[in-house]
Amino acid sequence: MKYYKLLIISLIAATMLSGKKDVRPVYKDESAPLDSRVEDLLSRMTLEEKVGQMSQFVGIEHIKASEASMKASDLKNNTAMAFYPGFPIDSVISWTENGNIGSFLHVITLKEANYLQSLAMKSRLQIPIIFGIDAIHGNANAPDNTVYPTNIGIACSFDTTLAYKIARETALEMRAMNMHWTFNPNVEVARDPRWGRVGETFGEDPYLVSLMGAECVRGYQGNFGQDGVLACIKHFVGGSEPINGCNGAPADLSERTLREVFFPPFEKGVDAGAMSLMTAHNELNGIPCHTNEWLLKDILRGEWKFKGLVVSDWMDMEHVHDLHATAESLKEAYYQAIMAGEDMHMHGIHWNEDVCELVREGRIPESRIDESVRKILAVKFRLGLFEHPYADPAKTMDVRLCPEHRATALEAARESIVLLKNDGLLPLSPSKYKKVLVTGINADDPNILGDWSAAQKPENVTTILEGLRQVSPKTDFVFVDQSWDPRNMSPAKVEEAAEKARGCDLNIVVAGEYMFRARWEERTGGEDSDRSDIDLVGLQNELIRKVAASGKPTVLVLVTGRPLGVVWPAEHLPAIVCSWEPGMYGGQAVAEILYGKVTPSAKLAVTIPRSVGQIQMVYNHKPSQYFHPYVMKPSTPLWPFGFGLSYTKYDYSDMSVANDTIARGQSLKVSVKVTNSGKMAGDEIVQLYIRDCYSMVTRPVKELKDFARIHLGAGESKTVEFSVTPDKLEYLDKNLKPIEEPGEFIVMIGSSSDDSDLLKKSFFVQ
Ligand code: BGC
């Protein structure tokens, strides 16, 4: 505090000494140091303006659409749409003009963004608006942007440079739309496939999630300025292991589990420079995350030294009062949230008045408000918003959907599709299978774009049917449309497909979940679409069985954000492909993989259990997990973490560790030879796991500690080297302090987390 006071005094003194009038305030001087600009501006702001900076609203067009489609009574439960009953749009306009709104979300056109910004430019201090948007896989929530695969697919590519590249391109497309803040990366570690949001995460492994998340942060933010956007690591924390699989349900997690599993990706995100964080809907061990001082003060700002701003999630401060009931009034909820460390409120009308009152009543010191406002202003300065409040409509489409970004979207789809089963049927031979039945709810639907995507122009989406026709033009594809809705499939259409299958040479059934936001109420996956089972919905199983009963080979293609326990298909069909939510070129990429134009390379970033009864099923479980296995049904997953087939064959040999024994603090070189002994070139994801054999605290049976994505031509061999650094051997002791314990470790290298796919060597730490 002293520092800031001194700074203000010296600024004022400098102005007086120079004898000049304050014609151009320091905060408007681009060449002035960031801190001076922030302090100068802060010193000019009224309390109302300060609290206004901490206030986010939904955009005007969003308000209009919500008013037309929902009732006020729906507001409490809806997390996608909102309006402000009793407050006409004119109020939002005048609040913006008066500098009482610092941020908007859900503004999805450049025209509206520039318009709202022009209102802010009329305000006394002309503090620009920062526009936030859920650009989860490209700026897909807005029309006419590149739509990449969702995070789960990117995680399955194990390609961290791809994650960076997509984030960088997304930042450019966002800035071309005057958007400055993405509510991504979601760095939650997904440990429950019932939860509908698995698709927006990087899967179940803390190490992989950490790396992917950190690359996204770097890619989005770049060096700030006009090319960067603010990244937001979310949701802090525990919502990805809800007690019942439902979004926002309580999380009951030990401090050990938090520190071992859920915290690392957030800490790495902070280390990568993330300047914003969103708190989670859920309560954690009895305390709502939004009022959790331990999380926000002790861990985030205390231990990790986070310097950015904390934003609440949708109506979650409200829910501290009206749902969790740990605050007797809304105003009390705001008080608790601010005192716990929240900096910005998403979204609503009572905030400004209540928070100003809390300050005037002396309950919240104004210095606490200043702390938050400093962070918000600093970000706005760093993003260059004061100098460049608008984006140029004439140039916007030079960036959005440009050929380079489209190429990345296609490449990403190719890298993220996992081949789960192949009895030799794939790649398909067009000369053998001339007439091919294509059916299933996802065969010809934009649902391949995935959750967090608006409807995009049809010419910017290649459905799977279109992709097949494009990639194998001579094949006669017979399409039986099952419509898009898995909950209301027509038995007659299922029969029609079964009938047509008899006259075809091969069947492709495109099944899975429905995540398309445009049909929010009908979805089976995605945000707020949690399920109590993980089987296919509706008549999809019947469709698969009836089509397969034709006796013609049947390929199953899954479009889904969550793992699906497709047990019958796994046992009876010759080929299964999981395309996740592959984005705008998903159809092309799926077809290229089916026809062998692309060799599949992706590996599962999540375990695929057989049924909900197996949950929690993760590869990095504790040694006793299956000591007494289930009776009658298997205790093994349908497909393990790290698993994915290819059209070529990779042989692992000559694994070596440089030393049998190392000293504490020393690194160990480990290597393995990987040979492509098949006939096609391809990429292999070489995985390294470690097990600590004996320890004071129980340790997982194995943990991913490194990986390498390598390209191998047919017949080519490469020796892959890894360095097992001391941090990879550490764990948290009984007092939750990091320790590298002496003793035996096993290092495992191979093509999946399954023991049968791993070569192993042991070594000792002295
Ligand atoms: C989600 C957040 C999202 C926000 C704004 C919430 O319902 O949980 O992840 O950023 O809405 O769309």
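Modeller: Arg-197, Glu-200, Asp-451, Arg-517, Arg-523 and Glu-527 are linked in a network of salt bridges (a side-chain nitrogen of Lys or Arg within 4 Å of a carboxyl oxygen of Asp or Glu). This is a predicted model, where local features need pLDDT of at least 70, side-chain atom pairs count only at pLDDT 80 or more, and totals for chains, interfaces and linings use all residues. Residues are numbered from 1 along each chain as its sequence is written, and side-chain values use heavy atoms, with hydrogens and water left out.

Biologist: How far apart are the closest N and O atoms of Arg-517 and Asp-451?

Modeller: 2.6 Å.

Biologist: Is Asp-451 buried or exposed?

Modeller: Buried, at 4% relative accessibility; Arg-517 is buried too, at 15%. Buried means under 20% relative accessible area, exposed over 50%, partly exposed in between (1.4 Å probe, protein chains only).

Biologist: How many salt bridges does the whole structure have?

Modeller: The search finds 52. One of them joins Arg-37 and Glu-387, with the closest N and O atoms 2.6 Å apart. Arg-37 is buried at 3%, while Glu-387 is partly exposed at 24%.

Biologist: New topic: what is the strand order in the open sheet of three strands?

Modeller: 17-19-22, with antiparallel pairing. Strands are DSSP runs (E, at least two residues), numbered from the N terminus, and two of them pair if DSSP finds at least two bridges between them.

Biologist: Which strands stand at the edges?

Modeller: Strand 17 (650-657) and strand 22 (717-724); each has a single partner strand, so one side of each lacks a neighbour in the sheet.

Biologist: And what does Tyr-652 stand opposite?

Modeller: Val-674 in strand 19.

How values were computed:
Helix = DSSP H or I, 4+ residues; strand = E, 2+ residues; numbered from the N terminus.
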